[in-house]
2 protein chains.
Amino acid sequence: MYDIILKKREGLELTTEEIRFFIDGYTSGDIPDYQAAALLMAVYFRGLNDRETADLTMAMCDSGDRADLSVIPGLKVDKHSTGGVGDKTTLVLVPLVAAAGVPVAKMSGRGLGHTGGTVDKLEAIPGFRTVMEPAEFIEQVRRVGAAVVAQTGHLAPADKKLYALRDVTATVDSIPLIASSVMSKKIAAGADAIVLDVKVGSGAFMRDVEAAFNLARCMVEIGNRVGRRTMALITGMDQPLGYAVGNALEVLEAIGTLKGHGPADLLEVCLALGAIMLLLAGKAGSTAEGREMLTDLLRSGKALGW
Amino acid sequence: MYDIILKKREGLELTTEEIRFFIDGYTSGDIPDYQAAALLMAVYFRGLNDRETADLTMAMCDSGDRADLSVIPGLKVDKHSTGGVGDKTTLVLVPLVAAAGVPVAKMSGRGLGHTGGTVDKLEAIPGFRTVMEPAEFIEQVRRVGAAVVAQTGHLAPADKKLYALRDVTATVDSIPLIASSVMSKKIAAGADAIVLDVKVGSGAFMRDVEAAFNLARCMVEIGNRVGRRTMALITGMDQPLGYAVGNALEVLEAIGTLKGHGPADLLEVCLALGAIMLLLAGKAGSTAEGREMLTDLLRSGKALGW
């Protein structure tokens with residue numbers, strides 16, 4: 001481990017084996033926190049290239065379980081937002097895309113820092129269950145076409161442990177570390193294709209377009225390297241998305257959007273992301289076609305009715 | 001501590017209070033190793049300015065005991081070598097300078113890495129005691145004019161703990177961290193003035209003259225900032241000093257040098273360092289005068305006889 005820290009400190013490229021040695025050893029407890037912390041800070045300054053970042057992602061992904069969605073027919077498309085204020089796109093997109101015939105087996109997170117989380121929002125609906133056993137989760141997707149649940153503890157435990165360390169050692173805001181953290185969980189969650197919504201602006205973790213672009217590029221590169229078709233949109237977060245902020249209020253605004261009277265900015269983000277989801281799932285031949293399908297589903301009330 | 005790591009990571013200057021908070025907290029165990037490791041790596045990349053380095057030195061110095069040499073009359077001058085191969089200058093210098101009337105109360109170290117240590121060399125003399133209680137140590141200097149002992153465990157414990165962490169996190173070779181580590185122990189050891197022998201070359205920790213100069217400059221700056229007159233020489237270590245390498249052999253070569261037939265390179269280093277010691281102790285008005293005094297003491301046999 002000493003040699004790995006020294007190598008990265010000197011700006012050299014780590015091999016696949018070295019990255020796996022670090023993640024396996026850190027997850028098992030053989031490598032102590034202080035050596036991991038020194039490596040994280042060296043990575044903060046020296047970065048990781050695309051190959052190293054993809055290797056880190058897969059090593060973290062392989063540290064735990066992987067959801068097996070193969071019993072659900074068709075291409076499964078996941079969507080991830082880097083987090084913002086008033087971001088209720090998942091609440092709109094899941095029924096909308098499911099209504100278009102694309103199965104959605106989605107694991108969502110809770111709020112992080114100042115940003116809201118989909119699981120918190122859903123729990124504003126009395127009686128809504130966000131915790132499900134894997135078998136029940138998959139059965140629901142097969143039966144009704146979609147499910148949104150809280151992430152289970154068995155996905156990418158290495159990422160969980162490493163994130164907790166980054167959080168107390170000022171090594172959170174490194175593009176390759178953020179990208180590998182997000183993608184390790186998305187890949188473990190089992191989707192065939194991934195659509196990323198990278199938020200940029202004063203209400204997002206990425207404050208400027210250049211940083212957001214770098215993060216988006218890094219995550220798309222990881223996905224494509226490991227055989228997941230991945231696309232990203234960079235969307236504005238200089239003001240809240242829509243008008244509603246607060247879990248219950250955001251659920252109401254999402255339902256309003258499905259009824260056809262959503263705020264223009266929210267609607268636009270949902271259509272743009274949804275169109276890519278249909279494209280990647282093979283349901284639409286272009287984003288223009290996907291957009292038209294989604295607009296029809298909203299207009300006809302089928303998205304709400306679903 | 002998080003804020004301190006972040007501040008240094010961003011290249012900002014740490015305050016005296018922040019540096020003391022870190023050292024006090026780390027020594028007491030309140031600050032965990034992983035946060036210290038992250039800070040050390042950030043320091044490796046961002047550096048410390050002279051004020052921060054002096055503050056770090058004094059915080060580490062204050063973490064333990066300080067030798068009180070005030071009962072020994074006159075200015076006490078210490079000498080420190082950054083370590084090399086065949087470096088037996090201390091064995092020659094201590095009796096030589098003592099013979100000139102400058103009291104030498106010297107704490108020495110053991111070998112580090114590939115370099116030898118004075119304490120190891122002295123222990124090649126059957127019956128030589130290198131461990132002494134502080135009172136006994138000072139009494140010997142008062143009585144016979146000089147003593148060389150192994151460093152006690154109570155000097156700069158913060159440095160000891162931090163050095164052990166640096167050793168396993170690839171953060172040893174940082175100029176301000178090396179400089180503060182050396183100077184915290186030298187200042188705690190109680191001398192009024194310090195002469196530094198910074199070795200440079202293939203057999204030294206500093207491989208090139210620029211790095212050696214930076215280390216020397218950094219240590220002299222610390223000493224002068226905290227009220228210890230400090231001077232440094234940069235001396236070559238591309239080949240061993242003298243001919244003898246090995247503890248017992250080096251003792252014999254040192255005795256030969258005191259008898260007046262030492263190797264030219266060893267003699268030159270001893271005269272150059274010793275002249276500065278006499279200058280700083282106020283025994284000589286210039287290094288030229290000091291050099292002449294030392295040459296006379298060797299020629300007359302008084303250095304050996306002492």
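Reader: Does B:Ala170 count as buried or exposed, and at what relative accessibility?

Author: B:Ala170 counts as buried, at 0% relative accessibility. Buried stands for under 20% relative accessible area, exposed for over 50%, and partly exposed for what lies in between, with a 1.4 Å probe and protein chains only.

Some conventions come before the rest. The model is predicted, with local features requiring pLDDT of at least 70 and side-chain atom pairs pLDDT 80 or more, while totals for chains, interfaces and linings use all residues. Residues are numbered from 1 along each chain as its sequence is written, chains are lettered from A and ligands numbered from 1 in the order in which they are written, and side-chain values use heavy atoms, without hydrogens and water.

B:Ala170 is in the loop that connects helix H8 (157–168) and helix H9 (175–188) of chain B. Helices (H or I, at least four residues) and strands (E, at least two) are DSSP runs, numbered from the N terminus. The phi of B:Ala170 is positive, about 55°, although the residue is not a glycine. Most residues other than glycine have a negative phi. In chain A, A:Ala170 lies in the loop between helix H8 (157–168) and helix H9 (175–188). A:Ala170 has a positive phi of about 55° without being a glycine, and A:Ala170 is buried, with a relative accessible area of 0%.

The two copies can be compared directly. Chain B is superposed on chain A by a rotation of 180° with 0.0 Å of shift along its axis, at an RMSD of 0.0 Å. The copies are thus related as by a two-fold rotation axis. The C-alpha of chain B nearest this axis belongs to B:Tyr34, 1.9 Å from it. The superposition is by least squares on the C-alpha atoms of residues with pLDDT of at least 70 in both copies.

Next, the aromatic rings. Rings of Phe, Tyr and Trp (its six-membered ring) pair if their centres lie within 6.5 Å; planes under 30 degrees apart count as stacked, over 60 as edge-to-face and the rest as tilted. By this rule there are five aromatic pairs over all chains. One of these is the edge-to-face pair of A:Tyr44 and A:Phe45, at 5.4 Å centre to centre and 85° between the planes. A:Tyr44 is partly exposed at a relative accessible area of 22%, and A:Phe45 is partly exposed at 23%. B:Phe22 and B:Tyr26 form a stacked pair, with 6.1 Å from centre to centre and 20° between the planes. Those two residues lie in helix H2 (residues 16–28) of chain B, four residues apart, about one turn of the helix. B:Phe22 and B:Tyr26 are both buried. Ring pairs also link A:Tyr44, A:Phe45, B:Tyr44 and B:Phe45 into a cluster.

The ring of B:Tyr26 has another neighbour: the charged end of B:Lys161 sits over it, 4.4 Å from the ring centre. In chain A the charged end of A:Lys161 sits over the ring of A:Tyr26, 4.5 Å from its centre. The criterion is NZ of Lys or CZ of Arg within 6 Å of the ring centre and within 35 degrees of the ring normal.

Now the sheet. In chain B, three strands form an open sheet in the order S1-S4-S5, with parallel pairing. Strand S1 (77–81) and strand S5 (229–236) of chain B stand at the edges with a single partner strand each, so one side of each has no neighbour in the sheet. Neighbouring strands here are turned by 15° against each other on average, direction ignored; axes are lines fitted to C-alpha atoms, for helices over the stretch in contact, and angles run from 0 to 180 degrees between N-to-C directions. Strands pair if DSSP finds at least two bridges between them. Eight bridges join strand S4 (residues 193–200) of chain B to S5(B), and B:Lys199 has B:Thr235 as its bridge partner in S5(B).

In chain A, five of the five residues of strand S1 (residues 77–81) are buried, so the strand is largely enclosed by the rest of the structure. A:Val77, A:Lys79 and A:Ser81 point one way from S1(A), and A:Asp78 and A:His80 the other way. S1(A) runs parallel to strand S4 (residues 193–200) of chain A and is joined to it by five bridges. The bridge partner of A:Ser81 in S4(A) is A:Asp197. The C-alpha atom of A:Lys79 is 8.0 Å from that of A:Thr90, 11 residues away along the chain. A:Thr90 belongs to helix H5 (residues 89–99) of chain A and is buried at a relative accessible area of 6%.
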